[in-house]
Amino acid sequence: MSKKRVFSGIQPTGNTHLGNYLGAIRNWAARQAEKENYFCIVDLHSLTVPQNPDELRYETRSMAAMLLACGLDPNQSTIFVQSHVQAHAEGCWLLNCITPLGWLQRMTQYKDKSAKQESVLTGLLDYPVLMAGDILFYDAHEVPVGEDQKQHVELARDIAQRFNALYETEFFVIPQPIIPAVGARVMGLDDATAKMSKSQADKRGHAIRILDDPKEIMHSFKRAVTDSGNEIAFSSDPEKAGVNNLLGIYKAVTGKDETAVLADFADARGYGDLKKRVAEVTIEMLTPIRERHDYLMQDPAELDRLMAVGAQHARSVSQPKVDDMKRIMGLVVP
Ligand code: TYM
């Protein structure tokens with residue numbers, strides 16, 4: 001039986017954090033051997049909000065090093081940079097021409113992000129169509145993402161179904177979002193009612209960044225907002241969201257079930273102990289990743305070479321798909 005195709009992506013905008021790792025990257029690495037994998041550094045998506053060109057260039061290489069440091073293996077997975085494969089931008093235009101505007105205006109992430117900006121770029125509205133193309137041009141069956149990307153994957157399904165219906169074909173595979181049972185929504189340490197996010201990660205105490213040094217990680221956990229009580233328990237009470245988030249992180253990092261997690265804290269003396277132990281297991285998990293990232297960054301030419309190999313393979317899959325799509329839509333393909 002042929003392996004299921006997996007596609008997922010991550011923006012190279014720096015500040016890669018614990019949520020990205022637990023909600024996405026770790027799960028990509030864990031199932032590589034069972035699947036045919038495409039993992040994309042989505043630099044075109046990053047351009048949907050203003051970027052500093054030098055920083056974006058640096059962060060794109062840094063993300064390549066990060067994915068390798070997190071265990072993605074170029075022998076098992078195609079790892080590449082989105083803008084290196086022209087099919088993504090080209091095919092996005094074709095999908096734009098069958099996607100109703102209202103579908104994009106309804107996207108939660110668009111509404112949230114655009115509300116925070118004075119001038120909204122067209123690319124921000126179009127972002128989910130570019131993402132749909134990423135997935136659809138590889139005939140991906142599965143899209144492993146954190147909870148916040150579920151709506152975008154559902155839109156990719158809708159776009160695929162609309163294309164198939166319009167042209168009476170089964171051309172596009174209908175992809176499934178794969179959301180992990182734990183770690184799908186890591187919340188901010190400074191406010192556990194909002195997800196941990198890259199755009200907030202420069203704010204002290206909000207996020208645990210994968211490249212933070214151990215002292216900084218310990219410090220951020222120690223500052224984590226909790227409540228005035230002292231009960232260490234999983235809870236859906238919004239008052240207890242801080243403690244619930246810390247326990248959720250501990251659960252995701254250690255892979256233990258809730259009973260085993262609570263047993264580990266049976267002797268804890270208050271929230272101070274809780275924060276310290278969550279910090280310790282997180283530091284133990286992230287330290288080798290940071291060290292490997294820093295090691296790989298010493299050889300940017302090798303990172304570029306690996307990305308070029310990935311792009312070449314990605315092109316060989318996605319360009320014929322986009323060419324076929326053009327034919328179906330009535331374009332003359334030379
Ligand atoms: P991005 O770069 O914002 O995030 C990368 C992955 O990390 C997950 N994630 C989280 N998981 C748990 N808790 C959090 N606090 C948290 N924050 C982020 C995200 O869900 C994501 O899986 N649009 C996408 C990138 C993309 C893509 C694609 C994904 C472009 N094309 C095609 C899948 C398929 C994004 O901006 O992810």
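Buried means under 20% relative accessible area, exposed over 50% and partly exposed in between, with a 1.4 Å probe and protein chains only. The model is predicted: local features need pLDDT of at least 70, side-chain atom pairs count only at pLDDT 80 or more, and totals for chains, interfaces and linings use all residues. Residues are numbered from 1 along each chain as its sequence is written, and side-chain values use heavy atoms, with hydrogens and water left out.

**View 1. Shell around the ligand.** The ligand is surrounded by 28 residues, the closest being Gln11, Tyr127, Asp134, Asp148 and Lys198; a residue is near the ligand if one of its heavy atoms lies within 4 Å of it. By class, the shell holds 12 nonpolar, 11 polar and five charged residues. Here Ala, Val, Leu, Ile, Met, Phe, Trp, Tyr, Cys and Pro count as nonpolar, Asp, Glu, Lys and Arg as charged, and the others, Gly among them, as polar.

View 2. A nitrogen atom of the ligand lies 3.1 Å from a backbone N or O atom of Gly19. The protein buries 96% of the 710 Å² that the ligand exposes when taken alone; accessible areas come from the Shrake-Rupley method with a 1.4 Å probe, and for residues only the protein chains shown count as cover. Two or more residues of the shell come from each of β1 (5-10), α1 (18-30) and α7 (122-136). Helices (H or I, at least four residues) and strands (E, at least two) are DSSP runs, numbered from the N terminus.

**View 3. Buried side of helix α4.** In α4 (residues 87-96), the buried residues are Ala87, His88, Gly91, Cys92, Leu94 and Leu95. They lie on the same side of α4 because they cover an arc of only 160° around the axis, taken from the directions from the helix axis to the C-beta atoms. These buried residues pack against β1, β3 (77-81), α7, α8 (150-166) and α13 (300-329), where contact means heavy atoms within 4.5 Å.

**View 4. Lys326 in helix α13.** Lys326 lies in α13 and is buried, at 17% relative accessible area. Beyond neighbours within four places in sequence, Lys326 is in contact with Glu90, Leu94, Leu331 and Val333.

**View 5. His293 in helix α12.** His293 belongs to α12 (residues 270-296) and is buried, with a relative accessible area of 2%. Its side chain makes a polar contact of 2.8 Å with the side chain of Ser62. Leaving aside neighbours within four places in sequence, the contacts of His293 are Ser62, Ala65, Met66, Ala69 and Leu211.

**View 6. Two residues with positive phi.** Asn15 is partly exposed, at 22% relative accessibility. Glu168, in the loop between α8 and β5 (176-178), has a positive phi near 45° and is exposed, at 73% relative accessibility.

Notes
Polar contact = N/O pair within 3.5 Å; in protein donor to acceptor, adjacent residues only side chain to side chain.
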